[in-house]
Amino acid sequence: MTPMRTLAASSFKAPETAKSSRLVRLTLRGLAVALSVCVVAADPTDRSEDLTNLSLDDLMNIQVTSVSKKEQTLSKTGAAVYVISQEDIRRSGMMNIPDLLRMVPGVNVARLDANSWAISIRGFNDRYSNKVLVLIDGRSVYSGVFSGVYWDQQNVPLENIDRIEVIRGPGGTVWGANAVNGVINIITKNSKDTQGGLITAETGSEESLEGLAQYGGKIGTKGTFRAFGNYFNIEPASLVGGSEGADGWHGSHGGFRSDWVLSAADTLSVQGDLIQTAEGQTVTSVIANQLPLVQTFNDRIRFGGGDLQAQYSHTLADGSELTLLSSFDRSRRDEVGANVETKINTDLQYHFKLGGRQDVVAGVGYLLTDETFTGLIDGYFSPDRFHDSLFSAFLQDEIELTHNLSLTLGSKLEHNAFTGFEFEPTAQLVWTPVKRQSVWVSAARAIRQPSPLDENIHVAASIIPSDAGGFGVVQISGNPDLKAENVLDYELGYRNQLNRRMSFDVSTFFSNYTDLRTTEPGAPFVATNPTHLVVPEMWGNLARAHNFGAELSGSWDVTSRWRLNAGFSVLSMNITPDASSRDTTVALTGGYSPKHQAQLRSSVRLSRRLEWDTSAYFVGALSNGPVPAYTRLDTRLGWTMGESISFSVSGQNLLSPYHLEFLNGTLVQPTLVERSVVGKVTWRF
Amino acid sequence: MALLVLGISRIGCVLLALTVAAGIAGADEPSAEEYQVKAVFLFNFAKFVEWPAAAFKSGDDPFEICVLGRNPFGTQLEDVVRGKTVGKRTFVVRSVSTAKQAAGCHVVFVGGSEQKRVQPVIDELKGASILTVGESADFLENGGIVNFKIKDSRVRIEINSQCAERAQLRISSKLLSLADVSKK
């Protein structure tokens, strides 16, 4: 949908926060050691050297980088944006999108079991995180039931991803409801860039098999296509007690994308997918129709879904651009109940210049969601079918105030079935005092609209045994009057491309949340058949939070063969229930997100055919769980043989035989992340 | 905090190990920004390609290097040719958006993102004594003469010799020997 301007990926440390001085000193010491040794290896090529004196042969032997092209655009952006490139993806050796997101400072990624993750941006992490919007080529992949993402359903073959753009902070003005803490946009390659055949096969100690077969070709003179099939089978991991979990899974995915240049002014992309997965999890749940039975059992999850989308762009004579995006999604997921979801979305967007100084994007959109949720093991949805018609319109104007100062103003206006009209404005000021450096400040409001989980659910959350032989049930009920959760967010950022080899950016934020969801106990009453006490709890909007934090990221091309990326983030979450709230746990939910995260990645090209990549990710302890801090260390050796075949071997999570990343599974029992080795062959023809 | 420090010091160790590794990686290779290198190639084409006499008004008529559509060079192309001469000819860099504007250009560069959009213009330039230079996989198939591709992080050149002949451009054997030559 909205083509976010492509921005540079990067991470380098420029510690300025007072809060973590000890950490900073240690990190600086590490960097100092690296610096002192690396100066020896630094590239002697001076950028001012006149390449025109080189012979053609020498010119052809120069290694090229495309850093500056990307970062020129970056310097004008008034938001904390991070881009994971295809090169980053390939060289990470990682096998799924959740793990790739670890590269972005400020993103919280925790694996719950082999097929589920808790992922969020700037806190509020949960398996059912509901404050980050996720899009694949502009199509929202939100589940309408809980307004979050089932990450196991988002199986884009990594080879086909062009880049993943992550915006931290509210994106409500352009992206709409639920882009509260950020937006993750997964952008796949144009089919003209995936011509020819591609076969990959991967096997490892935790993964028995993954394979991709793809072919891309031309359709007439104006069109290109690719079609692929993908299969994977992942082994179960161990439960905390040591016994084997039920979280093994397998799946298959077929898909295509076709891109057409209809004329000099018109382009069309059509793409579609069919995905099927079968997976398991260990669940402990109250069985609603056999009260007071609480059972731990292996739940089989089955998911089948398909999507189809088309995007048409027309460039008008004056250079303005009109884009129409339509998509259709249908899926069925069986997981402690059966959820059938249909989504139909249409967005129309117009991008034009107004006078010499204004760049305007305006759009209207319509999203129809239809859900049924039946057979829930611990309760029911009432009603069990729901529709939401979301109408939206937005306008965003980037105004060049002076040659180095630009102001962006905009707002979205939405109407949804749950809370009616919502308004999501933003203001950004970007100052570029000198070339390659910029400072931005911004203020924005965003909302999370309630979902059927908030309004229609009735579940038996837990059983309270009683000495007298009877029992009580804690019954959570949806609240039809629930309001949207709000955030007012303020940011200050600085970005500096020190030279051709080094760049960093710092972003700091203060976010003020109101009307956060709480569970409010009501008056207990006696129910019959069998006779028991019901302790009702209903969702309320009686908490607020003041969160603040900072993220640093930078990249450094130490030599032309060696790149370092570093990142660091701090987060302070302070959730407080209102005086009228009786929720005793909401204040603790901040403890599901780490306060500190740090990372260092290194990519070395050992020779023309050999590359070596290593990355370390430190994730601070979670006070709620509790879950101890851990460091993930991965290393990868890649070897290209001839034109078309390449091999790689990766070791992942090398520092310990196993570790735990998240405990709050909402019914689901977590499994341990194990050390693993993976081998991969890629053949292009 | 102890765990935090442990984590960081582990990262420090990794860093150190990598530093040593980079030392092993040994002598560094020269590197430059992609479009700086491509700009230098465009400059070099003036030396390694011969235009028919009719392409110039006079013996000291400047070389015109044109960029069709969006310009990916920033100021790098201007920076490269500033003050340079080949024979008596100086260089001029222009941005063009139509075939009409491209009349008088000797080299027309088409950025990768622009090719599809400006294909009709490329079609119109076919046969004119203009060295069309692109950077997308199907540029030569679509009537271009020279194409840049990136292989092993280096700029490689592909030439469609038949299109060059049709445009009455003579490409030096030195340049041909370094390029992938196709005839169609």
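Reader: How many helices and strands does the secondary structure of chain B come to?

Author: Chain B has 7 helices and 10 strands. Keep in mind that this is a predicted model.

Reader: What share of chain B is buried?

Author: Of its 184 residues, 43% are buried. To count as buried, a residue needs 20 or more other C-beta atoms within 10 Å of its own.

Reader: What share of the contacts in chain B joins residues 24 or more positions apart?

Author: The share is 61%, taken over contacts with a separation of 6 or more.

Reader: Which residues of helix α5 in chain B are buried?

Author: The helix covers residues 115-125. Its buried residues are Gln115(B), Lys116(B), Arg117(B), Val118(B), Val121(B), Ile122(B) and Leu125(B).

Reader: What covers the buried residues of α5(B)?

Author: The cover includes elements from both chains. Chain A supplies β12 (249-263). Chain B supplies β3 (63-68), α4 (99-102), β5 (107-110) and β6 (131-134).

Reader: What follows α5(B)?

Author: Gly127(B) follows, with a positive phi near 95°.

Reader: Now chain A. How many helices and strands does it have?

Author: Chain A has 7 helices and 37 strands.

Reader: What makes chain A as compact as a globular protein of that length?

Author: Set the value against the rule. The globule rule gives 26 Å for 685 residues. The radius of gyration of chain A is 25 Å, close to that, so chain A is as compact as a globular protein of that length. Along its principal axes, the C-alpha trace spans about 95 × 60 × 60 Å.

Reader: What share of chain A counts as buried?

Author: The figure is 48% of the 685 residues. As for contacts between residues at least 6 apart in sequence, 64% join residues at least 24 apart.

Reader: Why is Asn178(A) called buried?

Author: Compare the count with the cut-off. A buried residue needs 20 or more C-beta neighbours within 10 Å. Asn178(A) has 25 inside 10 Å, so it counts as buried. Its loop runs between α6 (172-175) and β8 (182-188) of chain A. Asn178(A) also has a positive phi of about 85°, although it is not a glycine.

Reader: How do you know that Asn653(A) is buried?

Author: The test is the one with 20 or more. Asn653(A) has 21 other C-beta atoms within 10 Å, so it is buried. Asn653(A) lies in the loop between β34 (645-652) and β35 (658-659) of chain A. Its phi is positive, about 55°, and it is not a glycine.

Reader: What makes strand β29 of chain A mostly covered?

Author: Of its 11 residues, 10 are buried. The strand spans residues 562-572.

Reader: How do you know that β28(A) and β29(A) pair?

Author: Pairing takes at least two bridges. Here 11 bridges join the two strands, so they pair, and they run antiparallel. Phe548(A) stands opposite Ser572(A) in β29(A). A hairpin joins the strands through 2 residues.

Reader: How many bridges join β29(A) to β31 of chain A?

Author: There are 9, and these strands run antiparallel. In β31(A), Leu600(A) is the bridge partner of Ala566(A).

Notes
Residues are numbered from 1 along each chain as its sequence is written. Chains are lettered from A and ligands numbered from 1 in the order in which they are written. This is a predicted model: local features need pLDDT of at least 70, side-chain atom pairs count only at pLDDT 80 or more; totals for chains, interfaces and linings use all residues. Helices (H or I, at least four residues) and strands (E, at least two) are DSSP runs, numbered from the N terminus. A residue is buried if 20 or more other C-beta atoms lie within 10 Å of its own, exposed if 12 or fewer, and partly exposed in between; C-beta atoms are placed from the backbone. Two residues are in contact if their C-beta atoms, placed from the backbone, lie within 7 Å. The radius of gyration is taken over C-alpha atoms; the globule rule is 2.2 Å times the number of residues to the power 0.38.
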